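Biologist: Before we discuss the assignments, please show me the sequence and the structure.
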Amino acid sequence: IEAVTSVKDVADRFGVKITYAATVSRLEKNRQLVETLLQFQEDGHQIVDHGWTHSFEVWGQPKWGIVKTELDKSSHLLDSLGFRNHDYLVYPFGKYTTETRNRIIPHVAERYKMAFDARGHYCDLSNFNMHYIPRFAIRWHNNMWAVKYWIKRASKSDNWVVFLNHSGKSRDYKPKHLSDIISYCQKLGMQNLTVEDAYQKFGSLKADKQEKNYT
């Protein structure tokens, strides 16, 4: 709760709305966390699906039959707890081989509006896959010059940056680092969107500009 609230506090200071990807089994017996996230949802933030577990046995080299069971459980629980617009998936681990992507993404595309990989810099809106969008991992110990370089490239080319932020890991996260990144994006005039907002704004691109394969 402290970790997720820390991110919301930063977001509130800058007037932006954010998206939390929940490992859903952690919500099953933690009513206080559920109530916290439901309140965030009422405040305009979004909660999406990060799978039932974050197990490498399931997600390291995913097989659809096993993954389907996980996603059925996570989707059902998110529904029953009162979360809305959670039909977006953040792959645990991600960065799959071409063979794995070709096997799993068509199934994911039938259930989710968009899905997000674990690694990358920015999303080139002229050539991307709606169900394997890269995320840019931000860690407080990373070189800030390099972080700004990729943000600026995305800004100049009118593309997305989807930030991966692990607020529950002190080795990766510091509120000031996240604040510095949001501040820099705003100075460049970039617009902040939840994934639902992004889908509503750019979902029409999937018909003609999305990658036709998963390589």
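Modeller: Contact here means heavy atoms within 4.5 Å. By that criterion, Y20 touches V4, V7, K8, L37, F40, Q46, I47 and V48, not counting residues up to four places away in sequence. This is a predicted model, in which local features need pLDDT of at least 70, side-chain atom pairs count only at pLDDT 80 or more, and totals for chains, interfaces and linings use all residues. Residues are numbered from 1 along each chain as its sequence is written, and side-chain values use heavy atoms, with hydrogens and water left out.

Biologist: Why is S167 called buried?

Modeller: Buried means under 20% relative accessible area, exposed over 50% and partly exposed in between (1.4 Å probe, protein chains only). S167 has a relative accessible area of 16%, so S167 is buried. S167 touches A3, V4, V7 and Y173, not counting residues up to four places away in sequence.

Biologist: What makes the pair of A3 and S167 a polar contact?

Modeller: A polar contact is a pair of N or O atoms within 3.5 Å; within protein, one must be able to donate a hydrogen and the other to accept it, and residues adjacent in sequence count only if both atoms are side-chain atoms. The backbone oxygen of A3 lies 3.3 Å from a polar atom of the S167 side chain.
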